[in-house]
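Trainee: Hey, could we go through this one together? I'd like to ask things as they come up.

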Amino acid sequence: MGEEVLQISDLQVSYGGIEAVRGISLTVRAGEIVTLIGANGAGKSSTLRTVSGLVKPKGGKVVFEGEDITGKDSTYIVSKGLMMVPEGRRIFPNLTVLENLKIGAYLRKDELEKDIEMVYGYFPRLKERSWQEGGTLSGGEQQMLAVGRALMGRPKLLMMDEPSLGLAPIVVQGIFEIIRQIHEAGTTVLLIEQNANMALHVADRAYVIENGKISMEGTGRELLEDEKVRAAYLGSVE
Amino acid sequence: MEYVISVLLSGISVGGQYALIAIGYTLVYGILRLINFAHGDVFMVAGLMGIYLTSALPITVSLPLVILLTVLLGFTIERAAYKPLRNAPRMSVMISAIGVSYLLQNTATYVTGGQPMTYPTIPFLSDTVNVAGTQTKWVVIITPFLVLALVLGLTQLIHHTKVGMAMRAVSKDFETSRLMGIQVNSVISVTFIIGSALAAVGSILFFTNYPAITPMAGAMPGLKAFVAAVFGGIGSIPGAVLGAFIIGICETIIKGLPSAWDVSVFSDAFTFALLIIILVFKPQGLFGEAATDKV
(Lines give C-alpha, C1' and ligand atoms only; values in the text may rest on other atoms or scores of the structure.)
Protein backbone atom coordinates (compact mmCIF):
# COMPACT_ATOMS: atom_id res chain seq x y z
CA MET A 1 0.00 0.00 0.00
CA GLY A 2 1.12 3.51 -0.79
CA GLU A 3 1.38 6.50 1.46
CA GLU A 4 -1.61 8.29 2.89
CA VAL A 5 -3.23 10.68 0.42
CA LEU A 6 -6.24 11.74 2.42
CA GLN A 7 -6.65 11.65 6.14
CA ILE A 8 -9.87 12.73 7.78
CA SER A 9 -9.88 12.87 11.55
CA ASP A 10 -12.87 13.37 13.83
CA LEU A 11 -14.75 15.36 11.18
CA GLN A 12 -17.95 17.04 12.33
CA VAL A 13 -20.38 18.81 10.03
CA SER A 14 -23.72 20.31 10.91
CA TYR A 15 -26.35 22.22 8.99
CA GLY A 16 -28.25 24.68 11.15
CA GLY A 17 -28.01 22.59 14.29
CA ILE A 18 -28.56 19.24 12.59
CA GLU A 19 -25.47 17.12 12.92
CA ALA A 20 -24.86 15.34 9.65
CA VAL A 21 -21.35 14.10 10.39
CA ARG A 22 -20.47 13.26 13.97
CA GLY A 23 -16.80 12.49 14.20
CA ILE A 24 -15.75 10.56 11.12
CA SER A 25 -12.14 9.46 10.72
CA LEU A 26 -10.86 7.68 7.66
CA THR A 27 -7.80 7.26 5.52
CA VAL A 28 -7.23 6.85 1.78
CA ARG A 29 -3.82 5.64 0.61
CA ALA A 30 -2.23 6.20 -2.79
CA GLY A 31 -3.50 3.78 -5.42
CA GLU A 32 -6.52 2.59 -3.45
CA ILE A 33 -10.21 2.56 -4.19
CA VAL A 34 -11.94 3.28 -0.92
CA THR A 35 -15.70 3.26 -0.69
CA LEU A 36 -18.10 4.69 1.84
CA ILE A 37 -21.38 2.88 1.99
CA GLY A 38 -24.41 3.68 4.05
CA ALA A 39 -28.05 4.65 3.87
CA ASN A 40 -29.44 7.91 2.59
CA GLY A 41 -28.66 10.73 5.00
CA ALA A 42 -25.95 8.80 6.86
CA GLY A 43 -23.45 11.61 6.24
CA LYS A 44 -21.54 10.28 3.22
CA SER A 45 -22.19 13.22 0.92
CA SER A 46 -21.58 15.73 3.69
CA THR A 47 -18.17 14.18 4.26
CA LEU A 48 -17.22 14.51 0.59
CA ARG A 49 -18.64 18.00 0.29
CA THR A 50 -16.57 19.07 3.27
CA VAL A 51 -13.39 17.58 1.86
CA SER A 52 -13.94 19.43 -1.43
CA GLY A 53 -14.45 22.74 0.33
CA LEU A 54 -18.14 23.29 -0.40
CA VAL A 55 -19.07 23.00 3.27
CA LYS A 56 -17.10 24.27 6.25
CA PRO A 57 -16.76 21.69 9.02
CA LYS A 58 -17.73 22.35 12.61
CA GLY A 59 -14.76 20.41 13.86
CA GLY A 60 -12.09 17.93 12.92
CA LYS A 61 -9.33 17.94 10.38
CA VAL A 62 -8.83 17.12 6.70
CA VAL A 63 -5.25 16.48 5.59
CA PHE A 64 -4.46 16.02 1.90
CA GLU A 65 -0.95 14.89 0.97
CA GLY A 66 0.35 16.02 4.31
CA GLU A 67 -1.23 19.47 4.10
CA ASP A 68 -4.06 20.63 6.35
CA ILE A 69 -6.82 21.73 3.97
CA THR A 70 -9.61 21.98 6.56
CA GLY A 71 -11.96 24.81 5.66
CA LYS A 72 -9.90 25.96 2.65
CA ASP A 73 -11.90 27.23 -0.34
CA SER A 74 -12.65 24.87 -3.19
CA THR A 75 -10.46 26.64 -5.74
CA TYR A 76 -7.45 25.95 -3.55
CA ILE A 77 -8.50 22.37 -2.96
CA VAL A 78 -9.02 21.73 -6.67
CA SER A 79 -5.62 23.26 -7.39
CA LYS A 80 -4.09 20.63 -5.09
CA GLY A 81 -5.46 17.83 -7.26
CA LEU A 82 -8.67 16.86 -5.53
CA MET A 83 -11.57 16.55 -7.97
CA MET A 84 -15.13 15.55 -7.28
CA VAL A 85 -17.84 14.01 -9.42
CA PRO A 86 -20.89 15.46 -7.73
CA GLU A 87 -24.08 13.63 -6.92
CA GLY A 88 -26.61 13.91 -9.73
CA ARG A 89 -23.79 14.44 -12.28
CA ARG A 90 -24.33 18.20 -12.45
CA ILE A 91 -22.82 18.62 -15.90
CA PHE A 92 -23.25 22.11 -17.36
CA PRO A 93 -26.26 21.69 -19.65
CA ASN A 94 -25.59 24.92 -21.58
CA LEU A 95 -21.98 24.04 -22.38
CA THR A 96 -20.96 21.65 -25.13
CA VAL A 97 -19.48 18.28 -24.22
CA LEU A 98 -16.04 19.58 -25.16
CA GLU A 99 -16.48 22.73 -23.07
CA ASN A 100 -17.64 20.62 -20.12
CA LEU A 101 -14.35 18.75 -20.39
CA LYS A 102 -12.30 21.91 -20.77
CA ILE A 103 -13.89 23.46 -17.72
CA GLY A 104 -12.73 20.47 -15.69
CA ALA A 105 -9.20 21.68 -16.41
CA TYR A 106 -10.09 25.26 -15.55
CA LEU A 107 -7.06 25.85 -13.35
CA ARG A 108 -4.46 24.77 -15.86
CA LYS A 109 -3.49 25.55 -19.43
CA ASP A 110 -1.06 22.89 -20.57
CA GLU A 111 -1.67 19.69 -22.50
CA LEU A 112 -5.44 19.99 -22.63
CA GLU A 113 -5.56 18.24 -26.02
CA LYS A 114 -3.77 15.18 -24.67
CA ASP A 115 -6.15 14.84 -21.73
CA ILE A 116 -9.21 15.37 -23.90
CA GLU A 117 -8.00 12.49 -26.08
CA MET A 118 -7.48 10.40 -22.94
CA VAL A 119 -11.07 11.05 -21.81
CA TYR A 120 -12.41 10.35 -25.30
CA GLY A 121 -10.44 7.11 -25.14
CA TYR A 122 -12.38 6.06 -22.06
CA PHE A 123 -15.67 7.34 -23.46
CA PRO A 124 -15.81 7.18 -27.28
CA ARG A 125 -19.49 8.13 -27.05
CA LEU A 126 -18.51 11.57 -25.76
CA LYS A 127 -16.25 12.13 -28.74
CA GLU A 128 -19.15 11.56 -31.10
CA ARG A 129 -21.14 14.15 -29.18
CA SER A 130 -18.33 16.61 -28.71
CA TRP A 131 -20.31 19.57 -30.08
CA GLN A 132 -23.63 18.72 -28.48
CA GLU A 133 -24.79 20.66 -25.45
CA GLY A 134 -24.40 18.69 -22.24
CA GLY A 135 -28.10 18.97 -21.49
CA THR A 136 -28.99 16.92 -24.56
CA LEU A 137 -27.13 13.82 -23.34
CA SER A 138 -28.78 10.80 -21.75
CA GLY A 139 -28.31 10.13 -18.04
CA GLY A 140 -25.55 7.59 -18.61
CA GLU A 141 -23.71 9.86 -21.04
CA GLN A 142 -23.98 12.71 -18.56
CA GLN A 143 -22.38 10.51 -15.93
CA MET A 144 -19.56 9.68 -18.33
CA LEU A 145 -19.17 13.40 -18.96
CA ALA A 146 -19.10 14.15 -15.24
CA VAL A 147 -16.38 11.55 -14.71
CA GLY A 148 -14.45 12.75 -17.76
CA ARG A 149 -14.72 16.34 -16.59
CA ALA A 150 -13.23 15.44 -13.22
CA LEU A 151 -10.41 13.47 -14.91
CA MET A 152 -9.53 16.62 -16.86
CA GLY A 153 -8.41 18.12 -13.56
CA ARG A 154 -5.71 15.41 -13.36
CA PRO A 155 -6.86 14.38 -9.91
CA LYS A 156 -4.50 12.83 -7.41
CA LEU A 157 -7.66 11.83 -5.62
CA LEU A 158 -10.95 11.41 -7.48
CA MET A 159 -14.04 11.56 -5.29
CA MET A 160 -17.32 10.26 -6.67
CA ASP A 161 -20.68 10.83 -5.10
CA GLU A 162 -23.20 8.15 -6.09
CA PRO A 163 -22.12 7.68 -9.73
CA SER A 164 -24.67 4.90 -10.22
CA LEU A 165 -27.68 6.86 -8.98
CA GLY A 166 -30.65 6.70 -11.32
CA LEU A 167 -28.86 4.77 -14.06
CA ALA A 168 -29.89 1.52 -15.73
CA PRO A 169 -27.99 -1.55 -14.44
CA ILE A 170 -26.16 -2.05 -17.71
CA VAL A 171 -24.97 1.57 -17.63
CA VAL A 172 -23.93 1.18 -13.99
CA GLN A 173 -21.75 -1.76 -14.96
CA GLY A 174 -20.12 0.37 -17.62
CA ILE A 175 -19.44 3.14 -15.11
CA PHE A 176 -17.87 0.71 -12.64
CA GLU A 177 -15.75 -0.77 -15.41
CA ILE A 178 -14.44 2.73 -16.09
CA ILE A 179 -13.76 3.28 -12.39
CA ARG A 180 -11.66 0.12 -12.46
CA GLN A 181 -9.76 1.34 -15.53
CA ILE A 182 -9.14 4.77 -14.06
CA HIS A 183 -7.84 3.10 -10.94
CA GLU A 184 -5.55 0.84 -12.93
CA ALA A 185 -4.20 3.91 -14.70
CA GLY A 186 -3.03 5.07 -11.28
CA THR A 187 -5.75 7.32 -9.90
CA THR A 188 -6.75 7.02 -6.26
CA VAL A 189 -10.52 6.90 -5.81
CA LEU A 190 -12.86 7.67 -2.93
CA LEU A 191 -16.30 6.39 -3.86
CA ILE A 192 -19.64 6.92 -2.20
CA GLU A 193 -22.30 4.43 -3.14
CA GLN A 194 -25.70 3.19 -2.17
CA ASN A 195 -25.15 0.33 -4.55
CA ALA A 196 -23.09 -1.45 -1.90
CA ASN A 197 -22.71 -4.64 -3.89
CA MET A 198 -21.00 -2.98 -6.84
CA ALA A 199 -18.97 -0.67 -4.64
CA LEU A 200 -17.63 -3.42 -2.37
CA HIS A 201 -16.64 -5.54 -5.33
CA VAL A 202 -14.55 -2.78 -6.82
CA ALA A 203 -13.11 -1.40 -3.56
CA ASP A 204 -9.86 -2.24 -1.82
CA ARG A 205 -11.21 -1.03 1.48
CA ALA A 206 -14.57 0.19 2.68
CA TYR A 207 -16.19 2.07 5.51
CA VAL A 208 -19.79 1.75 6.61
CA ILE A 209 -21.35 5.01 7.78
CA GLU A 210 -24.38 5.11 10.02
CA ASN A 211 -25.89 8.22 11.57
CA GLY A 212 -22.84 10.33 10.89
CA LYS A 213 -20.37 7.85 12.34
CA ILE A 214 -18.29 5.01 11.02
CA SER A 215 -19.76 1.76 12.24
CA MET A 216 -17.50 -0.70 10.46
CA GLU A 217 -14.45 -0.86 8.24
CA GLY A 218 -12.51 -3.51 6.39
CA THR A 219 -11.50 -4.71 2.97
CA GLY A 220 -14.19 -4.88 0.34
CA ARG A 221 -14.23 -8.65 0.60
CA GLU A 222 -14.51 -8.67 4.38
CA LEU A 223 -17.54 -6.42 4.31
CA LEU A 224 -19.13 -8.36 1.45
CA GLU A 225 -18.99 -11.44 3.61
CA ASP A 226 -20.09 -9.75 6.82
CA GLU A 227 -23.51 -10.88 8.01
CA LYS A 228 -24.63 -7.47 9.26
CA VAL A 229 -23.54 -5.71 6.08
CA ARG A 230 -25.27 -8.33 3.98
CA ALA A 231 -28.49 -7.91 5.89
CA ALA A 232 -28.47 -4.10 5.94
CA TYR A 233 -26.97 -3.10 2.58
CA LEU A 234 -26.90 -6.05 0.27
CA GLY A 235 -30.45 -7.27 0.84
CA SER A 236 -31.22 -10.30 -1.23
CA VAL A 237 -28.24 -9.78 -3.51
CA GLU A 238 -26.07 -12.83 -3.63
CA MET B 1 -40.16 60.90 -46.36
CA GLU B 2 -37.34 62.86 -44.72
CA TYR B 3 -39.50 63.01 -41.62
CA VAL B 4 -39.94 59.24 -41.57
CA ILE B 5 -36.22 58.74 -41.97
CA SER B 6 -35.40 61.10 -39.15
CA VAL B 7 -37.92 59.39 -36.84
CA LEU B 8 -36.50 55.97 -37.68
CA LEU B 9 -32.93 57.16 -37.23
CA SER B 10 -33.57 58.57 -33.80
CA GLY B 11 -35.57 55.47 -32.85
CA ILE B 12 -32.70 53.21 -33.77
CA SER B 13 -30.30 55.41 -31.90
CA VAL B 14 -32.37 55.55 -28.70
CA GLY B 15 -32.88 51.82 -29.00
CA GLY B 16 -29.14 51.29 -29.20
CA GLN B 17 -28.62 53.34 -26.08
CA TYR B 18 -31.28 51.35 -24.24
CA ALA B 19 -29.54 48.22 -25.48
CA LEU B 20 -26.29 49.17 -23.79
CA ILE B 21 -28.12 49.52 -20.47
CA ALA B 22 -30.29 46.46 -21.06
CA ILE B 23 -27.24 44.20 -21.46
CA GLY B 24 -26.23 45.09 -17.91
CA TYR B 25 -29.61 43.98 -16.58
CA THR B 26 -29.66 40.80 -18.54
CA LEU B 27 -26.07 39.76 -17.73
CA VAL B 28 -26.55 40.25 -14.01
CA TYR B 29 -29.90 38.51 -14.07
CA GLY B 30 -28.41 35.64 -16.03
CA ILE B 31 -25.81 34.98 -13.40
CA LEU B 32 -27.40 36.07 -10.10
CA ARG B 33 -31.12 35.92 -10.91
CA LEU B 34 -31.16 39.47 -9.58
CA ILE B 35 -32.91 42.50 -11.04
CA ASN B 36 -30.24 45.08 -10.36
CA PHE B 37 -32.47 48.08 -9.68
CA ALA B 38 -29.44 50.29 -9.16
CA HIS B 39 -28.28 49.82 -12.75
CA GLY B 40 -30.24 52.78 -14.17
CA ASP B 41 -28.80 54.99 -11.45
CA VAL B 42 -25.27 53.82 -12.22
CA PHE B 43 -26.03 55.04 -15.74
CA MET B 44 -27.15 58.41 -14.31
CA VAL B 45 -24.03 58.70 -12.16
CA ALA B 46 -21.92 57.97 -15.24
CA GLY B 47 -23.68 60.93 -16.89
CA LEU B 48 -22.91 63.23 -13.95
CA MET B 49 -19.30 62.09 -13.90
CA GLY B 50 -19.19 62.96 -17.59
CA ILE B 51 -20.25 66.51 -16.76
CA TYR B 52 -17.79 67.03 -13.92
CA LEU B 53 -14.82 65.31 -15.52
CA THR B 54 -15.11 66.92 -18.96
CA SER B 55 -15.22 70.34 -17.31
CA ALA B 56 -11.86 69.65 -15.66
CA LEU B 57 -10.04 67.41 -18.11
CA PRO B 58 -9.69 67.07 -21.87
CA ILE B 59 -12.21 64.74 -23.53
CA THR B 60 -9.57 62.16 -24.42
CA VAL B 61 -8.83 61.67 -20.74
CA SER B 62 -12.22 62.33 -19.19
CA LEU B 63 -14.34 59.93 -21.23
CA PRO B 64 -12.12 56.87 -20.60
CA LEU B 65 -12.04 57.97 -16.97
CA VAL B 66 -15.85 58.04 -16.89
CA ILE B 67 -15.92 54.44 -18.08
CA LEU B 68 -13.25 53.39 -15.59
CA LEU B 69 -14.95 55.05 -12.62
CA THR B 70 -18.35 53.64 -13.58
CA VAL B 71 -16.80 50.18 -13.69
CA LEU B 72 -15.35 50.80 -10.24
CA LEU B 73 -18.76 51.93 -8.99
CA GLY B 74 -20.51 48.83 -10.35
CA PHE B 75 -17.83 46.57 -8.90
CA THR B 76 -18.03 48.25 -5.49
CA ILE B 77 -21.83 48.07 -5.38
CA GLU B 78 -21.72 44.35 -6.01
CA ARG B 79 -19.03 43.71 -3.39
CA ALA B 80 -20.63 45.93 -0.74
CA ALA B 81 -24.36 45.45 -1.26
CA TYR B 82 -24.91 42.10 -3.01
CA LYS B 83 -22.02 39.79 -2.18
CA PRO B 84 -22.67 39.74 1.58
CA LEU B 85 -26.20 38.54 0.74
CA ARG B 86 -25.09 35.72 -1.54
CA ASN B 87 -26.83 33.05 0.51
CA ALA B 88 -29.80 35.19 1.50
CA PRO B 89 -33.22 34.88 -0.18
CA ARG B 90 -33.30 36.62 -3.55
CA MET B 91 -35.85 39.12 -2.27
CA SER B 92 -33.33 40.47 0.25
CA VAL B 93 -30.77 41.13 -2.47
CA MET B 94 -33.44 42.89 -4.48
CA ILE B 95 -34.24 45.16 -1.54
CA SER B 96 -30.55 45.86 -1.19
CA ALA B 97 -30.53 46.86 -4.88
CA ILE B 98 -33.45 49.24 -4.33
CA GLY B 99 -31.53 50.71 -1.41
CA VAL B 100 -28.46 51.29 -3.56
CA SER B 101 -30.66 52.89 -6.21
CA TYR B 102 -31.97 55.47 -3.72
CA LEU B 103 -28.52 55.99 -2.26
CA LEU B 104 -27.20 56.92 -5.70
CA GLN B 105 -30.18 59.20 -6.45
CA ASN B 106 -29.93 60.97 -3.10
CA THR B 107 -26.19 61.38 -3.39
CA ALA B 108 -26.71 62.87 -6.84
CA THR B 109 -29.26 65.29 -5.39
CA TYR B 110 -26.81 66.24 -2.67
CA VAL B 111 -23.98 66.84 -5.11
CA THR B 112 -25.93 68.68 -7.80
CA GLY B 113 -28.39 70.43 -5.51
CA GLY B 114 -31.17 68.74 -7.46
CA GLN B 115 -30.84 71.15 -10.37
CA PRO B 116 -30.77 69.71 -13.89
CA MET B 117 -27.21 69.67 -15.15
CA THR B 118 -26.33 70.05 -18.81
CA TYR B 119 -24.24 67.39 -20.48
CA PRO B 120 -21.28 68.84 -22.35
CA THR B 121 -21.10 69.01 -26.11
CA ILE B 122 -18.74 66.31 -27.20
CA PRO B 123 -16.88 67.16 -30.39
CA PHE B 124 -17.79 64.97 -33.36
CA LEU B 125 -20.63 63.14 -31.53
CA SER B 126 -22.61 66.36 -31.30
CA ASP B 127 -21.72 67.61 -34.77
CA THR B 128 -24.54 67.59 -37.28
CA VAL B 129 -24.56 65.50 -40.38
CA ASN B 130 -26.88 65.36 -43.34
CA VAL B 131 -28.46 61.97 -44.01
CA ALA B 132 -30.94 61.59 -46.88
CA GLY B 133 -31.94 65.21 -46.55
CA THR B 134 -32.34 65.28 -42.77
CA GLN B 135 -30.09 67.01 -40.30
CA THR B 136 -29.02 64.83 -37.42
CA LYS B 137 -26.18 64.44 -34.94
CA TRP B 138 -23.34 62.04 -35.56
CA VAL B 139 -24.21 60.22 -32.34
CA VAL B 140 -27.46 59.08 -33.92
CA ILE B 141 -25.62 57.52 -36.83
CA ILE B 142 -22.82 56.04 -34.77
CA THR B 143 -24.87 54.49 -31.95
CA PRO B 144 -26.27 51.45 -33.78
CA PHE B 145 -22.87 50.56 -35.25
CA LEU B 146 -21.10 51.00 -31.96
CA VAL B 147 -23.76 48.89 -30.21
CA LEU B 148 -23.46 46.12 -32.76
CA ALA B 149 -19.67 46.14 -32.48
CA LEU B 150 -19.82 45.98 -28.69
CA VAL B 151 -22.44 43.22 -28.73
CA LEU B 152 -20.37 41.20 -31.19
CA GLY B 153 -17.32 41.64 -29.00
CA LEU B 154 -19.30 40.60 -25.95
CA THR B 155 -20.71 37.46 -27.57
CA GLN B 156 -17.19 36.51 -28.68
CA LEU B 157 -16.04 36.96 -25.11
CA ILE B 158 -18.84 34.85 -23.71
CA HIS B 159 -18.60 32.04 -26.22
CA HIS B 160 -14.91 31.87 -27.05
CA THR B 161 -12.90 32.76 -23.96
CA LYS B 162 -12.19 30.98 -20.73
CA VAL B 163 -13.80 33.66 -18.59
CA GLY B 164 -16.84 33.58 -20.88
CA MET B 165 -17.09 29.82 -20.43
CA ALA B 166 -16.85 30.32 -16.67
CA MET B 167 -19.63 32.93 -16.85
CA ARG B 168 -21.90 30.48 -18.64
CA ALA B 169 -21.05 27.74 -16.15
CA VAL B 170 -21.63 29.95 -13.11
CA SER B 171 -24.95 31.13 -14.55
CA LYS B 172 -26.17 27.52 -14.35
CA ASP B 173 -24.58 26.14 -11.21
CA PHE B 174 -22.53 27.96 -8.57
CA GLU B 175 -21.60 24.89 -6.61
CA THR B 176 -20.38 22.73 -9.47
CA SER B 177 -18.47 25.74 -10.82
CA ARG B 178 -16.65 25.85 -7.49
CA LEU B 179 -15.83 22.16 -7.87
CA MET B 180 -14.07 23.03 -11.13
CA GLY B 181 -11.90 25.53 -9.27
CA ILE B 182 -13.76 28.58 -10.61
CA GLN B 183 -13.75 31.62 -8.30
CA VAL B 184 -17.46 32.31 -8.50
CA ASN B 185 -17.20 35.75 -6.91
CA SER B 186 -14.62 36.90 -9.44
CA VAL B 187 -16.84 35.76 -12.29
CA ILE B 188 -19.76 37.68 -10.81
CA SER B 189 -17.55 40.76 -10.53
CA VAL B 190 -16.65 40.42 -14.20
CA THR B 191 -20.33 40.56 -15.18
CA PHE B 192 -20.81 43.74 -13.13
CA ILE B 193 -17.69 45.25 -14.70
CA ILE B 194 -18.93 44.53 -18.22
CA GLY B 195 -22.46 45.78 -17.45
CA SER B 196 -21.17 49.00 -15.90
CA ALA B 197 -18.74 49.70 -18.73
CA LEU B 198 -21.54 49.35 -21.29
CA ALA B 199 -23.82 51.58 -19.19
CA ALA B 200 -21.06 54.22 -19.13
CA VAL B 201 -20.74 54.10 -22.92
CA GLY B 202 -24.53 54.27 -23.10
CA SER B 203 -24.56 57.35 -20.89
CA ILE B 204 -22.15 59.22 -23.15
CA LEU B 205 -24.31 58.48 -26.20
CA PHE B 206 -27.68 59.01 -24.51
CA PHE B 207 -26.88 62.28 -22.74
CA THR B 208 -25.29 63.73 -25.86
CA ASN B 209 -28.77 63.31 -27.34
CA TYR B 210 -30.77 64.32 -24.26
CA PRO B 211 -28.40 66.58 -22.37
CA ALA B 212 -30.38 67.36 -19.20
CA ILE B 213 -29.35 65.23 -16.22
CA THR B 214 -31.31 65.21 -13.00
CA PRO B 215 -30.88 62.68 -10.17
CA MET B 216 -33.89 60.90 -11.66
CA ALA B 217 -32.40 60.82 -15.16
CA GLY B 218 -31.46 57.15 -14.84
CA ALA B 219 -34.88 55.98 -13.73
CA MET B 220 -36.82 56.09 -17.00
CA PRO B 221 -34.07 54.89 -19.37
CA GLY B 222 -33.21 52.25 -16.79
CA LEU B 223 -36.80 51.11 -16.63
CA LYS B 224 -37.11 51.03 -20.42
CA ALA B 225 -33.89 49.05 -20.68
CA PHE B 226 -35.15 46.65 -18.05
CA VAL B 227 -38.38 46.25 -19.99
CA ALA B 228 -36.32 45.65 -23.12
CA ALA B 229 -34.39 42.92 -21.32
CA VAL B 230 -37.60 41.23 -20.16
CA PHE B 231 -39.14 41.69 -23.57
CA GLY B 232 -36.20 39.96 -25.26
CA GLY B 233 -36.17 37.21 -22.63
CA ILE B 234 -34.18 38.14 -19.57
CA GLY B 235 -30.80 36.45 -19.46
CA SER B 236 -30.42 36.59 -23.24
CA ILE B 237 -28.07 39.17 -24.73
CA PRO B 238 -29.43 39.13 -28.30
CA GLY B 239 -32.90 39.31 -26.76
CA ALA B 240 -32.05 42.40 -24.74
CA VAL B 241 -30.54 44.13 -27.76
CA LEU B 242 -33.43 43.33 -30.06
CA GLY B 243 -35.93 44.28 -27.37
CA ALA B 244 -34.18 47.60 -26.84
CA PHE B 245 -34.24 48.45 -30.54
CA ILE B 246 -37.93 47.56 -30.81
CA ILE B 247 -38.84 49.66 -27.79
CA GLY B 248 -36.72 52.60 -28.94
CA ILE B 249 -38.21 52.57 -32.43
CA CYS B 250 -41.82 52.14 -31.22
CA GLU B 251 -41.53 54.96 -28.78
CA THR B 252 -40.06 57.41 -31.30
CA ILE B 253 -42.69 56.46 -33.88
CA ILE B 254 -45.47 57.17 -31.40
CA LYS B 255 -43.83 60.43 -30.38
CA GLY B 256 -43.51 61.34 -34.05
CA LEU B 257 -47.16 60.78 -35.02
CA PRO B 258 -49.06 63.89 -36.24
CA SER B 259 -49.64 66.21 -33.32
CA ALA B 260 -53.32 66.53 -34.27
CA TRP B 261 -53.79 62.94 -33.04
CA ASP B 262 -52.55 63.98 -29.64
CA VAL B 263 -51.01 60.62 -28.75
CA SER B 264 -47.36 61.50 -28.26
CA VAL B 265 -47.92 62.06 -24.56
CA PHE B 266 -48.91 58.39 -24.32
CA SER B 267 -45.69 57.07 -25.86
CA ASP B 268 -44.54 55.37 -22.66
CA ALA B 269 -47.96 53.86 -22.02
CA PHE B 270 -48.06 52.50 -25.57
CA THR B 271 -44.60 51.03 -25.18
CA PHE B 272 -45.63 49.18 -22.06
CA ALA B 273 -48.93 48.10 -23.60
CA LEU B 274 -46.97 46.54 -26.43
CA LEU B 275 -44.84 44.74 -23.90
CA ILE B 276 -47.89 43.37 -22.11
CA ILE B 277 -49.38 42.09 -25.35
CA ILE B 278 -46.17 40.34 -26.38
CA LEU B 279 -45.69 38.83 -22.94
CA VAL B 280 -49.23 37.47 -22.97
CA PHE B 281 -48.38 35.48 -26.08
CA LYS B 282 -44.72 34.82 -25.27
CA PRO B 283 -44.32 34.86 -21.51
CA GLN B 284 -40.59 34.05 -21.66
CA GLY B 285 -39.87 36.99 -23.91
CA LEU B 286 -38.49 36.71 -27.41
CA PHE B 287 -35.42 34.57 -26.64
CA GLY B 288 -36.06 33.55 -23.04
CA GLU B 289 -35.64 30.06 -21.67
CA ALA B 290 -38.57 28.33 -20.06
CA ALA B 291 -38.71 29.55 -16.48
CA THR B 292 -36.55 27.39 -14.28
CA ASP B 293 -35.67 28.40 -10.80
CA LYS B 294 -32.16 27.71 -9.71
CA VAL B 295 -31.85 24.90 -7.24
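**A helix tucked inside**

Mentor: Start with helix α6 of chain A: 11 of its 13 residues are buried, so this helix is largely enclosed by the rest of the structure. "Buried" means that 20 or more other C-beta atoms lie within 10 Å of the residue's own; 12 or fewer makes it exposed, anything in between partly exposed, and the C-beta atoms are placed from the backbone. Helices are DSSP runs of H or I with at least four residues, strands are runs of E with at least two, and both are numbered from the N terminus.

Trainee: Is this an experimental structure or a predicted model, and how are things numbered?

Mentor: It's a predicted model, where local features need pLDDT of at least 70 and side-chain atom pairs count only at pLDDT 80 or more, while totals for chains, interfaces and linings use all residues. Residues are numbered from 1 along each chain as its sequence is written, with chains lettered from A and ligands numbered from 1 in the order in which they are written.

Trainee: Back to α6(A). Which residues are buried there?

Mentor: Among them are A:Met144, A:Leu145 and A:Val147, and also A:Glu141 and A:Arg149.

Trainee: What do they pack against?

Mentor: In chain A, they pack against β6 (82-85), α3 (97-104), α4 (112-122), α5 (124-128), β7 (157-161) and α7 (169-184). Contact here means C-beta atoms, placed from the backbone, within 7 Å.

Trainee: How far does the helix reach?

Mentor: α6(A), residues 139-151, reaches 18 Å from its first C-alpha to its last, close to the 18 Å expected at 1.5 Å a residue. That expected span is 1.5 Å times one less than the number of residues.

Trainee: Where in chain A is confidence lowest, and where is it highest?

Mentor: Lowest in helix α10(A), residues 227-234, at a mean of 85, and highest in α3(A), at 97. The whole of chain A has a mean pLDDT of 92, pLDDT being the predictor's confidence in each residue, from 0 to 100.

Trainee: What's chain A built from?

Mentor: Chain A has 10 helices and 10 strands. Its radius of gyration is 17 Å, close to the 18 Å that the globule rule gives for 238 residues, so chain A is as compact as a globular protein of that length. The radius is taken over C-alpha atoms, and the rule is 2.2 Å times the number of residues to the power 0.38.

Trainee: And chain B, how many helices and strands?

Mentor: Chain B comes to 11 helices and four strands. Of its 295 residues, 47% count as buried.

Trainee: Where do the chains meet?

Mentor: 14 residues of chain B are in contact with 19 residues of chain A. On the chain B side, α6 (162-172) and α7 (174-179) each supply at least two residues, and the largest share, five residues, comes from α6(B).

Trainee: What about B:Arg33?

Mentor: B:Arg33 has a positive phi too, near 55°, and lies in the loop between α1 (2-32) and α2 (39-56) of chain B. With 15 other C-beta atoms within 10 Å, B:Arg33 is partly exposed.

Definitions and conventions: Two residues are in contact if their C-beta atoms, placed from the backbone, lie within 7 Å.
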